[in-house]
Amino acid sequence: MRVIHAAAGLAVVLALTGCQRTSMGGFSSQDASPAPIQAAPVPSVSSSQLPAPTGNTSQFPAAPTSGTAMPGTVQQPGTQVAAAAGGGLDVTKESMVGNWRVSSAGSSCDMFLTLTNLGSGSRGGTRGCAGELTTMGSWEVAGKQVVLKDRNGNAIARLYKTADARFDGSTNGGQPVSLSR
């Protein structure tokens with residue numbers, strides 16, 4: 001019987017010698033996790049207008065010429081760039097997301113704007129609209145204007161914020177367009 005006990009004890013000892021500890025530290029309460037990293041100070045961020053380039057400017061493209069739509073302008077049919085929208089308010093993409101009521105050409109319809117990327121803009125669409133707005137597939141904010149685009153990415157209308165929840169502008173065909181909530 002002693003042989004069986006001795007063999008069992010030897011088996012237990014051999015089994016325990018094969019075990020390994022996989023955690024850091026010992027069993028004492030003095031083992032502690034690493035000290036937390038201290039936060040580094042962050043300098044304040046400032047913004048200002050960049051100065052005009054000086055010296056050799058041949059590496060820069062030429063400035064836009066007439067007939068090219070620039071932020072802050074409305075493209076009128078049959079004309080060059082028209083005067084900038086007076087008093088256009090600042091626009092953020094996030095403030096545009098959601099459902100809008102559209103008034104155009106004496107009728108009204110719905111427009112839905114999302115932040116889902118689609119080409120160079122964000123996905124959007126209309127329901128119940130007539131004319132150029134039926135082809136709307138995306139939109140983007142460019143400066144102080146909201147540009148509505150067709151499914152091919154071509155601009156079909158440009159709008160400017162005129163009140164807290166109102167945008168006014170026109171389609172490329174010259175039809176006035178208003179968005180409101």
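Predicted model: local features only at pLDDT ≥ 70, side-chain atom pairs only at ≥ 80, totals over all residues.
Ser104 stands opposite Ser107, a residue of strand S4.

S3 and S4 form a hairpin, with two residues between them. In that turn, Ala105 has a positive phi of about 55°.

As a reminder, strands of a sheet pair through backbone hydrogen bonds, either parallel or antiparallel.

Let me turn to the cysteines. How many disulfides does the structure hold? It holds one. The partners are Cys109 and Cys129, with their sulfur atoms 1.7 Å apart. This pair links distant parts of the chain: Cys109 lies in strand S4, residues 107–118, while Cys129 lies in the loop between strand S5, residues 121–127, and S6, and the two are 20 residues apart. The link of Cys109 and Cys129 is right-handed, with 75° about the S-S bond. Are these two cysteines buried or exposed? Both Cys109 and Cys129 are buried.

The next pairing is that of S6 with S7. Strand S6 covers residues 136–142 and strand S7 covers residues 145–150; they pair in the antiparallel sense over six bridges. Here Ser138 stands opposite Lys149 in S7.

I would also draw your attention to Thr171, which has its place in strand S9, residues 166–171. Why does Thr171 count as buried? Thr171 counts as buried because its relative accessibility is 2%, and the cut-off for buried is under 20%. Which residues are in contact with Thr171, leaving aside its neighbours within four places in sequence? They are Glu132, Ile156, Ala157 and Val177.

Finally, I come to the overall arrangement of the strands. The pairings I have described belong to a closed barrel of eight strands, which runs S3-S4-S5-S6-S7-S8-S9-S10 with antiparallel pairing. On average, neighbouring strands of this sheet are turned by 30° against each other, direction ignored. Strand S4, which carries Cys109, is thus placed in the barrel order between S3 and S5, and strand S9, which holds Thr171, stands between S8 and S10 in that order.

Conventions
Residues numbered from 1 in each chain as written. Heavy atoms only, no water. Pairing = 2+ DSSP bridges. Helix = DSSP H or I, 4+ residues; strand = E, 2+ residues; numbered from the N terminus. Axes fitted to C-alpha atoms, helices over the stretch in contact; angles between N-to-C directions. Buried < 20%, exposed > 50% of the residue type's maximum accessible area, 1.4 Å probe, protein only. Contact = heavy atoms within 4.5 Å. Disulfide = S-S within 2.5 Å.
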